[in-house]
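Visitor: Could you walk me through how a few of the secondary-structure elements pack here? I'd like to start with the strands and then move on to the helices.
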Amino acid sequence: MIRDVRVFTGDTVLTHAHVTVDSGLITTVTTQPSPVGDGTEIVHGQGRTLLPGLIDAHAHVFPGNLEQALNFGVTTVLDLMADPAAITTLRQQAGTRPAMADVRTAGTAATVPGGYGWYLVEMGYLPPFPTLIEPGQAEAFIDARLAEGSDYIKILIDDGSTTGTPLPKLGEDTITALIDHAHARDRLTIAHTLNAVDAATATRAGIDVLGHLFLDRTDPDLPHLLAEHDTAVIPTLAVLDGLFGRPHGAELLADHRIEPYLDTTSRQMLGFGPIPLDPRARHDLEVPRHTLSQLRDAGVAILAGSDASNPDTAHGATLHLELELLVQAGLTPIEALTAATSAPADRFTLPDRGRIAPGLRADLLLVNGDPTSTITDTRDIAAIWRNGQRVPRTTHLHQANDYR
Ligand SMILES: [Zn+2]
């Protein structure tokens, strides 16, 4: 039982509550302490806040990443492109090992031959994967992804104009066919887009989630278009900053609430520093920030995502940074916390998590302080539970010394 604690339920704040857990589930959430049996572990919550375990709505998962995510209170990771064989193995492991975050996956993403995403094959991060061109190939493409275990469908829509590297891109008719066939199979669709035109195209074609905000220009009509189509957005401010000239890795490495818990890979990723940019690239990091406040005002669902394993990101840690950036860009702390808990659970149809309520999974994060007013308090972690099991946090202090 967690006693005398402030609770963010996923929707609202209870300033003084008591939460009990049994057999992996939340059993009661009350304002009066209920009697507990002998031997029940009591965790004192004074000065602390209990949150639903965080959900990272945009990540790319490789071995070791789910442990890192959980080490920072991220109990569910939504992978948005991976090698289907590798992620299937990780998912099976996560089902039995308490030290790993739970995971859902898009598996192979849809793109044209040699299009956006293929650089991951050329760099050796992914094995070669199937691609498509014509709308007539969409149904078989979707069915093959579902057979591989994809929970939802990722569609890459990017001609390289934002990064400055010209690329072939999926046509609008093929995008529409992919979305239609995914919806016919009851699956959610998520688009990678980085500019306003592609975001609007995907939205009109019926995409459910935009995996990034766009960087090229502010489009005053787009927030209303997204609201009208009930399209959710994962802003990914942290990774856009990191990839387009404003890295935050050094800030995370300097934070004593973050740094001791980072593994070697995370330290390397956060130590990248500024990434060289193509002079042809078209981007303005103020555009996503300005757009975010318009989206909020238009009532568009906002989901928090780190886009780890990209350079300048770390699984788990970058989601905490993303929450801070969302608040700096105009969300309230409660709106930011919603974006990392109930909002992704609702959008990705994970009704067993994302909230603190009786009957839901006991995926819980206890932090010192009050992130419902000071968002960076999410980093001051006191305890993590996954499926009702307390997760011992792993420190990597010896590696910290090596790093310096
Ligand atoms: Zn991504």
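This is a predicted model: local features need pLDDT of at least 70, side-chain atom pairs count only at pLDDT 80 or more; totals for chains, interfaces and linings use all residues.

Visitor: Okay, in what order do the strands of the open sheet run?

Guide: The order is β6-β7-β8, and these 3 strands form an open sheet with parallel pairing. Because β6 (54-59) and β8 (102-105) each have a single partner strand, they stand at the edges, and one side of each is left without a neighbour in the sheet. Neighbouring strands of this sheet are turned by 20° against each other on average, direction ignored.

Visitor: And how many bridges join β6 and β7?

Guide: There are 4 bridges between β6 and β7 (residues 74-79), in the parallel sense, and Ile-55 stands opposite Thr-76 in β7.

Visitor: Which helix packs on that sheet?

Guide: That is helix α2 (residues 84-96), which touches β7 and β8, and whose direction makes about 150° with that of β8.

Visitor: Switching topic, at what angle do α7 and α11 pack?

Guide: Helix α7 (residues 222-229) and helix α11 (residues 286-298) pack at about 40°, their axes being 9 Å apart.

Visitor: Which residues make the contact?

Guide: From α7 the contact takes in Pro-223, His-224, Leu-226 and Ala-227, while α11 contributes Gln-294, Leu-295 and Ala-298. By class, the contact of α7 with α11 has 5 nonpolar and 2 polar residues, with no charged ones.

Definitions and conventions
Residues are numbered from 1 along each chain as its sequence is written. Two strands pair if DSSP finds at least two bridges between them. Helices (H or I, at least four residues) and strands (E, at least two) are DSSP runs, numbered from the N terminus. Axes are lines fitted to C-alpha atoms, for helices over the stretch in contact, and angles run from 0 to 180 degrees between N-to-C directions. Two residues are in contact if their C-beta atoms, placed from the backbone, lie within 7 Å. Ala, Val, Leu, Ile, Met, Phe, Trp, Tyr, Cys and Pro count as nonpolar, Asp, Glu, Lys and Arg as charged, and the others, Gly among them, as polar.
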